[in-house]
Amino acid sequence: METTEIVWILAPSIIIVAFTLILVRWFLNQESRRRKQEFLMKTGEIILKQKLQAFERFALFLQRISPESLVLREQRKEMNAFQLQNHLLKSIRNEFNHNMAMQIYIPSDTWELIRQAREEVARLINTTATQVPPGVPSFELGRRIIEDAGESANHAVRKALNSLHKNIEEMGLR
């Protein structure tokens with residue numbers, strides 16, 4: 001057998017092998033793209049769930065630290081004004097710290113509004129506490145906090161809540 005005959009015999013096999021290798025490579029690339037797309041979709045779903053949970057938790061946090069809600073929920077008969085002040089501040093701090101890790105899912109401008117709301121409520125509590133003697137019953141401080149909450153603290157809480165709602169709308173979920 002001559003070389004040309006061998007080439008004519010092997011040529012179809014070489015073409016078939018080359019074509020098969022091209023098809024296998026194409027299939028593996030398609031499969032890799034499909035898996036990558038699947039992974040991105042699952043990751044996106046997980047992140048979306050985490051974001052929604054963060055929004056829910058901070059909406060709850062803001063509602064819980066609104067002055068009226070906070071005082072009505074945390075006030076105890078046996079406390080004096082000084083004890084209530086410390087208890088309210090501790091409650092805000094604990095609740096904030098409990099949710100702090102979720103801040104990574106909150107847009108930075110909204111996060112700043114949440115922080116400002118927390119600071120404004122704490123400032124209201126401290127300012128109002130200076131206006132009553134520390135030993136008076138907690139109800140006096142609680143009443144004054146609710147009365148003095150007016151625009152500053154309530155406005156800061158509402159502004160942060162509105163920002164959370166706006167973020168949810170921008171995500172197309174509301």
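These legends describe close-up views of a predicted model. Local features need pLDDT of at least 70 and side-chain atom pairs pLDDT 80 or more, while totals for chains, interfaces and linings use all residues. Residues are numbered from 1 along each chain as its sequence is written, and side-chain values use heavy atoms, with hydrogens and water left out.

**View 1. The salt bridge between E31 and R34 in helix α1**. The closest N and O atoms of E31 and R34 are 2.4 Å apart, a salt bridge being a side-chain nitrogen of Lys or Arg within 4 Å of a carboxyl oxygen of Asp or Glu. Both residues lie in helix α1, three residues apart, about one turn of the helix; helices are DSSP runs (H or I, at least four residues), numbered from the N terminus. E31 is partly exposed, with a relative accessible area of 21%, and R34 is partly exposed as well, at 39% (buried means under 20%, exposed over 50%, partly exposed in between, with a 1.4 Å probe and protein chains only).

**View 2. The salt bridge between E95 and R64**. The closest N and O atoms of this pair are 2.6 Å apart. Because E95 lies in helix α3 and R64 in helix α1, the pair ties together parts that are 31 residues apart in sequence. E95 counts as buried, at 15% relative accessibility, whereas R64 is partly exposed, at 26%.

**View 3. The salt bridge between R144 and E140 in helix α5**. Here the closest N and O atoms are 4.0 Å apart, and the two residues, four apart in the helix, are separated by about one helical turn. R144 is partly exposed, with a relative accessible area of 22%, and E140 is partly exposed at 27%.
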